[in-house]
Amino acid sequence: MAAMAAALRGPGRRFRWRTQALAGGARGAARGAAAGQQDYDLLVIGGGSGGLACAKEAAQLGRKVAVVDYVEPSPQGTRWGLGGTCVNVGCIPKKLMHQTALLGGMIQDAHHYGWEVAQPIRHDWRKMAEAVQNHVKSLNWGHRVQLQDRKVKYFNIKASFINKHTVCGIAKSGKETLLSADHIVIATGGRPRYPTHIEGALEYGITSDDIFWLKESPGKTLVVGASYVALECAGFLTGIKLDTTVMMRSIPLRGFDQQMSSLVMEHMESHGTQFLKGCIPTCIRRLPDGQLQVTWEDRTSGKKDTGIFDTVLWAIGRIPETRNLNLEEVGVNINPENQKIIVDAQEVTSVPNIYAIGDVAEGRPELTPTAIMAGKLLAQRLFGQSSDLMDYNNVPTTVFTPLEYGCVGLSEEEAVARHGQEHIEVYHAYYKPLEFTVAERDASQCYVKMVCLRESPQLVLGLHFLGPNAGEVTQGFALGIKCGASYAQVMRTVGIHPTCSEEVVKLRISKRSGLDPTVTGCG
Amino acid sequence: MGKVGAVPNRRLASVRGVPATSPPGRRARLSSPGTSHQPSEAREEMRRRLRNLIEGNRVMIFSKTYCPHSTRVKELFSSLGVDYNVLELDRVDDGPRVQDMLTEITNQKTVPNIFVNKVHVGGCDRTFQAHHNGLLQKLLQESSANDYDLIVIGGGSGGLSCAKEAAILGKKVMVLDFVVPSPQGTSWGLGGTCVNVGCIPKKLMHQAALLGQALQDSRKFGWEYNQQVKHNWETMTEAVQNHIGSLNWSYRLSLRENGVAYVNAYGEFVDLHKIKATNKKGQETYFSASKFVIATGERPRYLGIQGDKEYCITSDDLFSLPYCPGKTLVVGASYVALECAGFLAGFGLDVTVMVRSVLLRGFDQEMAEKVGSYMEKHGVKFLRKFVPLMVQQLEKGSPGKLKVLAKSTEGPETIEDVYNTVLLAIGRDSCTRKLGLEKIGVKINEKNGKIPVNDMEQTNVPHIYAIGDVLEGKPELTPVAIKAGKLLARRLFGASLEKCDYINVPTTVFTPLEYGCCGFSEEKAIEVYKKENLEVYHTLFWPLEWTVAGRDNNTCYAKIICNKFDSDRVIGFHILGPNAGEITQGFAAAMKCGLTKQLLDDTIGIHPTCGEVFTTLEITKSSGLDVTQKGC
């Protein structure tokens, strides 16, 4: 296919499989490349979800494509293979460890359902980690194979721009490679932020880059931050019976619906995760026995306190990987506040042949599937005569905390801010999953709410679901919202009994009514 | 006179008899003691019979065919357009005794003897007099005020939701519910099939089996505990039954809170507006209502072979079985059969399913076969194309031993085997044949006992409605019945016009690998739209949680059927995989909103879930491309 596409382009634009390995003359060669003929139609910097999707799609469309990917080891020395954050240090290992914790809950449930499981029940971190890591490695391999199958050239090099058509890549060995392309997509993602101003933070702390690759159990853990990464990690650590504390400065899950976020936290609190609210760490010291002594300050009282932990996990946010790309050199504008690359609706940066997708792009949801779709659509626009733009509205997502939280559309706060309290109707319910009954589980936080416009036909603006399998529940409704579902249409949908998701189509009680939203019985 | 009939609930009053008011509005002294020459038992029987007639009819005329006065009265009512019931004393064997009893009750010796709305009007002259002075009209108007505005027969999901909604709308409502014990003697409380012997216990036992699988998985995820894990049937059943008990109780409570009268008695029509309720002790009570809803549901069918009712159990019995069923033969391939077989096998029991023809009739057959093959791979044995001939008890016990003789549907071959339990799940029959429907002319489909209704759930008798599993051609699903019941009550007693929409009703089969669907099966879609007008997108997928657990790749499957000539609208949605029910629900809502393939493609997945597979469907069936996923 690639050959055919090349032939169609005519003799003036022949491919040159030119991967120059030059030590000193890189700049000179680059000038040559900039003069017109490029090595590739498309060069993607960053082999994560978005980058790979874009590269594969372009290759599918017959173009000559290269991907460069290089994982800078974390300060703790953790590194990984092709596939980016999601596969290696994000969604995939996170969900698997979440599943581990869920299985722990199921083992507890099992005896209510007649299973006789002898005590003691222990968890072996090594075994889990090895299984998870093996799966991740198989995915790394799969990505390599897919690139190969689609004739996408892959370079394990660290890239930076030389000019707007050329990047220079440095391999682990120090060898430099120059690559040029008509179009360059930046999809370098982000990495966890370290609070470098805190003494001991960098030396003794780990991040989500490391936690999934630990060979030994992290033991008693302090998670600093209240992002979804923080709460997810704290959730599964608690779930595998580790003593876990979350230290948060202000609110949980910033950007998410705050009522839901509070419930998520409340559920975690009632299931053993400890919370230090309104606190900020000030210093970490290593004790002679190897444990970490953390000092923190209570922001309201100003009091200092200390605690001893085996592991301190920073989950205070992520910073985009834009600093080593030499962007200023080629004139790619970034937002100086957050270092993200400024793009337009077509994902084009301030330099017309340079694009950015995924977590590095300013104002985009930091989610794998959005990056994938954005990458695909970009390739289709560049090479496939498509003009379809990525629609970043109503992107569904799910936070895999012990009680999962799925949402799509607007949070209640956002809906009120946009439309005004008097134009919003919120339907809600506290429900009890059937499986919780026999297992004698507490369902106090199982809650669903639908944020609608008040005026008929009551367009659905947002759906928020807290409960088991929230991700599975939310996906379909996200489509409904995409289709412009009204409250009435959702209510006309017949439920599937007995499921948790049927609670969504049975929402009758509005917040405004002040009625008790607790669901009882099947009716 | 004004107060007569103004009190809506006159059930007790009319049964016990109340002091007579002045004529012609005298109330019949139905149970007043009187002189009689008949033996007392026969007399009481006669009194009851007459009482039923008087109470069961808006207008009751005791007449003689040759009596001109009787004829005049009948003509009067006909001219008023009022239906009446007549007992011609000269045409019944015991006419004279009837007349005696009427005399005793009314102090009137002659015919015609007329009752309107349970009130004794008198003879011909008094009736005409009442007509002239307006009393008759008053009585007739009152006659629409029956004991109840609505009586619901059947306290299952649909009946209860309809009753509650009507009560919320301020109506006087009664629910009659009576569980006829199964041939094995199992019976249960309020709430119907779903709560007691359906969805609820089924899903809980399915969950128990899933937990068994989770236990196996958990070791792969690093959990360690003693290898010896056993399942205890009694512990599980007790927990499940406790939950059901609490639901029964909450239903009772909720009826009470909503002011719905609940009578644990078997309801049977004796007249258009009158129903006889027989309780466990055989006591009969009569209730009248302006409107009725039949929501009696269905019960499992038996084979009609030797030994079936004596030795076999059904889903009515399984969920409260006091002992582990042991080696089990499940007869049938309905969703009930496969669900039960699935969880039994999940507990480690030896399970065989005997299938006469296809699996999950009515469902997409490609999906059905995949459901079956997953079960087969996980230990359920299938005997295809066999039907049982005879079940014989070899040993009593809990469980005992049963010998089953079965015959091939394709030839003379017979097989026999020994099981501890034989569970019949070959279908369900509607409970409509003993409701007295023939007495009041409600038509049923003679073949299957189902009740045909119009799109307002109305039977051929205008004030009688039916909802739920007794309906002909409607999905037999709890949420459908609940919705239909609620909407019906709103139409009857509220200002609503909204009808129940039976299109695109989603459902899920809780087999070990769950199967969720909404809309058309592939077969049905081809039949309706023709193959060339359809595009089917499909893929196999491997849930993330299954990878580390080392569970089968290329087993979970997703498929959508699109109508090419309607913007690739999704007309069929099918998923086989974990949490299929949770996944399907939202897509069903989207289908209500006109889901198209393009919209699926434009929607962003939630990663990593199973549901996201529908946002990236690329391979069409017509392309013939391979959908299996290659190993890593």
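**A close look at the binding-site residues and their surroundings**

Modeller: Lys95(A) sits in helix α5 of chain A, which covers residues 91-110. Keep in mind that this is a predicted model. UniProt, in an unreviewed entry, lists Lys95(A) and Asp359(A) under "binding site". Lys95(A) has a relative accessible area of 6%. Buried means under 20%, so Lys95(A) counts as buried. Its contacts reach into both chains. Neighbours within four places in sequence are set aside here. Lys95(A) then touches Phe400(A) in chain A, and Leu544(B), Glu545(B), Pro608(B) and Thr609(B) in chain B.

For chain B, the unreviewed UniProt entry gives residues 505-616 as "domain: Pyridine nucleotide-disulphide oxidoreductase dimerisation". The span is 29% helix and 29% strand. Its end C-alpha atoms lie 24 Å apart.

Now the other listed position. Asp359(A) lies in a loop of chain A, between β20 (354-356) and α12 (368-383). Asp359(A) is buried too, with a relative accessible area of 18%. Beyond residues up to four places away in sequence, Asp359(A) touches Gly189(A), Gly190(A), Lys340(A), Pro365(A), Glu366(A) and Leu367(A).

The record also marks a domain in chain A. UniProt places "domain: FAD/NAD(P)-binding" at residues 40-375 of chain A, again in an unreviewed entry. That span is 32% helix and 26% strand. Its end C-alpha atoms are 17 Å apart. Chain B has a feature of this name at residues 148-485, also from an unreviewed entry. There the span is 33% helix and 28% strand, and the end C-alpha atoms lie 17 Å apart.

Next, a loop residue of chain A. Val117(A) is in the loop between β4 (115-116) and β5 (122-123) of chain A. Val117(A) is buried, at 17% relative accessible area. Its contacts, leaving out residues up to four places away in sequence, are Ile107(A), Leu215(B), Tyr225(B) and Val229(B). For scale, Val117(A) and Thr282(A) are 165 residues apart in sequence and 45 Å apart in space, C-alpha to C-alpha.

On to the nonpolar interior. In soluble globular proteins, nonpolar side chains tend to be buried together. The largest nonpolar core here has 232 residues. Ile211(A), Ile151(B), Phe347(B), Leu595(B) and Phe614(B) touch the most other members. Helix α9 of chain B, residues 199-220, gives the largest share of this core, with nine residues. A second, separate core holds 29 residues, including Ala55(A), Val185(A), Val348(A) and Leu378(A). Not counting residues up to four places away in sequence, Ile211(A) touches Trp125(A), Ile206(A), Pro218(A), Cys233(A), Phe236(A), Leu237(A) and Leu313(A).

Val73(B) is in helix α3, residues 68-79. Val73(B) counts as buried, at 0% relative accessibility. Setting aside residues up to four places away in sequence, Val73(B) touches Ile61(B), Pro112(B), Ile114(B), Cys124(B) and Phe128(B). Val73(B) and Lys559(B) are 486 residues apart along the chain, and their C-alpha atoms are separated by 69 Å.

Pro112(B) lies in the loop between α4 (95-106) and β4 (113-116) of chain B. The bond from Ser398(B) to Pro399(B) is also cis, with omega near 0°. Pro399(B) is in the loop between β19 (386-395) and β20 (401-408).

Two backbone angles deserve a check. Leu360(B) is not a glycine, yet has a positive phi of about 45°. Leu360(B) sits in the loop between β17 (351-355) and α14 (365-377) of chain B, and is buried at 0% relative accessible area. Glu457(B), also not a glycine, has a positive phi of about 60°. Glu457(B) is in the loop between α15 (437-440) and β24 (464-466). Glu457(B) is buried, with a relative accessible area of 1%.

Last, chain B as a whole. The chain has 20 helices and 29 strands. Its C-alpha atoms fill a box of roughly 95 × 60 × 50 Å along the principal axes. Of its 632 residues, 57% are buried. Among contacts between residues at least 6 apart in sequence, 64% join residues at least 24 apart.

Methods
Residues are numbered from 1 along each chain as its sequence is written. Chains are lettered from A and ligands numbered from 1 in the order in which they are written. This is a predicted model: local features need pLDDT of at least 70, side-chain atom pairs count only at pLDDT 80 or more; totals for chains, interfaces and linings use all residues. Side-chain values use heavy atoms; hydrogens and water are left out. Helices (H or I, at least four residues) and strands (E, at least two) are DSSP runs, numbered from the N terminus. Buried means under 20% relative accessible area, exposed over 50%, partly exposed in between (1.4 Å probe, protein chains only). Contact means heavy atoms within 4.5 Å. A nonpolar core is a set of buried Ala, Val, Leu, Ile, Met, Phe, Trp, Tyr and Cys residues joined through side-chain atoms within 4.5 Å. UniProt positions are given in the numbering used here, feature names are shortened, and annotations may be inferred rather than shown by experiment.
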